Amino acid sequence: MVSDASQSNAAEPTPTKKRVRDPEARRAAILAAARSVFAERGYAKATIREIAQRAGVTHGLVVMHFSSKEQLFLAAVPGTRDLADSVQGDAEGLAGRVAHAYVARMESADSADPFIALVRSAAGDQEAAKALLRAMREESISAYRTVLTGPDVALRVDLLGAHLIGVTFSRYVLADGPIAAMPADELTRYLTMTLGGILFGSTGTARSSS
């Protein structure tokens with residue numbers, strides 16, 4: 001015979017622990033896991049599934065926060081993530097700010113830097129490299145449009161990106177030749193001139209029509 005107390009205890013539901021939903025904490029965990037996986041595996045070999053597992057979340061949650069591997073990569077690693085800060089300011093000093101930020105970052109960059117990842121991905125997986133380049137281009141154009149105007153902003157930004165990719169290949173991937181041997185401050189000076197020419201014309205200064 002079961003006592004009334006026992007019946008009462010049996011009838012009581014087992015309390016369940018309420019799941020705490022913290023989107024910002026989950027986003028931070030995803031970004032931390034992404035930085036780790038991209039640094040270990042490189043851009044081409046990293047997968048959203050592995051990043052999700054390491055962050056302790058589902059694959060779908062990663063995609064909900066970041067629509068693609070390219071967007072997750074750009075959000076997680078230095079590079080285009082910091083571009084808005086280096087671009088912000090007056091047009092006259094734009095080339096110098098970008099040159100300084102690029103050299104300062106690349107001198108201590110690892111394989112997870114967007115420029116290095118792009119160059120290395122192109123050798124083994126051109127489709128992955130194209131997807132990453134498109135994402136980098138969109139982020140860059142959006143940032144530069146806060147300072148530049150005119151119908152050819154996208155073209156100028158694409159030329160600037162191509163120039164920096166070439167410098168990345170020579171100095172930070174192959175590490176051979178005069179560009180690779182150049183002191184960092186000298187490289188910054190040269191880039192200020194060449195980037196100014198790309199952005200504003202042969203004089204390297206801001207045009208009133210730009």
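User: Hi! At roughly what angle do the axes of H7 and helix H12 cross?
Analyst: The axes of H7 and H12 (residues 184-200) cross at roughly 135° and come within 8 Å. Axes here are lines fitted to C-alpha atoms, for helices over the stretch in contact, with angles running from 0 to 180 degrees between N-to-C directions. This is a predicted model, so local features need pLDDT of at least 70 and side-chain atom pairs count only at pLDDT 80 or more, while totals for chains, interfaces and linings use all residues. Residues are numbered from 1 along each chain as its sequence is written, and side-chain values use heavy atoms, leaving out hydrogens and water.

User: Which residues of H7 and H12 make the contact?
Analyst: On H7, look for Leu94, Ala95, Gly96, Val98, Ala99, His100, Tyr102 and Val103. Facing them on H12 are Ala184, Leu187, Thr188, Leu191, Thr192, Leu195, Gly196, Leu199 and Phe200. Contact means heavy atoms within 4.5 Å.

User: And by class, how many in the contact of H7 with H12 are nonpolar, polar or charged?
Analyst: There are 12 nonpolar and 5 polar residues, and no charged ones. Ala, Val, Leu, Ile, Met, Phe, Trp, Tyr, Cys and Pro count as nonpolar, Asp, Glu, Lys and Arg as charged, and the others, Gly among them, as polar.

User: New topic! How many Å apart are the axes of H8 and H9?
Analyst: They are 7 Å apart, and helix H8 (residues 114-124) packs against H9 at an angle of about 150°. That angle is why H8 counts as roughly antiparallel to H9.

User: Which residues make the contact there?
Analyst: H8 brings Pro114, Phe115, Ala117, Leu118, Ser121, Ala122 and Gly124. From H9 come Gln126, Ala129, Leu132, Leu133 and Met136. By class, the contact of H8 with H9 has 9 nonpolar and 3 polar residues, with no charged ones.

User: Last one: what phi does Ala175 have?
Analyst: Ala175 has a positive phi of about 55°, although this residue is not a glycine. Most residues other than glycine have a negative phi.

User: Where does Ala175 lie?
Analyst: You can find Ala175 in the loop that runs between H10 and helix H11 (178-181). Helices are DSSP runs (H or I, at least four residues), numbered from the N terminus.

Notes:
Helix = DSSP H or I, 4+ residues; strand = E, 2+ residues; numbered from the N terminus. Parallel < 35°, antiparallel > 145°, perpendicular 65-115°, else oblique.
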